[in-house]
Amino acid sequence: MEDVILVHILGHAREKKVSGNSQHSFTEDKLCLTNMIAFYDKITRSVNEMRAANIICLDFSKAFDSVFHNILEPKLGHYFLDG
């Protein structure tokens with residue numbers, strides 16, 4: 001069931017251009033590895049140009065376990081993800 005929902009959401013997000021080009025997760029053509037490569041490229045460029053680079057790491061692995069579905073559903077509806 002999750003795969004069916006994921007395919008529907010990915011197709012809709014691609015069609016409506018919900019996410020920007022920097023989105024790497026939950027896309028068909030970009031992976032975690034491409035995200036790491038883009039990150040590494042930006043950091044090494046900053047270091048080579050002797051600019052400061054700040055990094056903040058956050059773990060959202062359990063983020064959706066605490067989401068109230070009665071709040072999430074209307075927000076998804078805003079992007080026409082109803083039904």
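A: Begin just after helix 3, where Phe80 takes a positive phi of about 65°. Helices here are DSSP runs of H or I with at least four residues, strands are E runs of at least two, and both are numbered from the N terminus. This is a predicted model: local features need pLDDT of at least 70, side-chain atom pairs count only at pLDDT 80 or more, and totals for chains, interfaces and linings use all residues. Residues are numbered from 1 along each chain as its sequence is written, and side-chain values use heavy atoms, without hydrogens and water.

Q: Why is helix 3 said to lie largely in the open?
A: Buried means under 20% relative accessible area, exposed over 50%, and partly exposed in between (1.4 Å probe, protein chains only). Helix 3 spans residues 69–78, and of its 10 residues the number buried is 0, so it lies largely in the open. Of the 83 residues of the protein chain, 7% count as buried.

Q: What makes Leu31 buried or exposed?
A: Its relative accessibility is 54%, so Leu31 counts as exposed. Leu31 sits in the loop between helix 1 (2–16) and helix 2 (32–48).

Q: How do you know what span to expect of helix 1?
A: The expected span is 1.5 Å times one less than the number of residues. Helix 1 has 15 residues, and its 21 Å from first C-alpha to last is close to the 21 Å expected. Lys17 follows helix 1 with a positive phi, near 55°.

Q: Which elements make up the protein chain?
A: The protein chain has 3 helices and 0 strands. From the N terminus on, the order is α-α-α.
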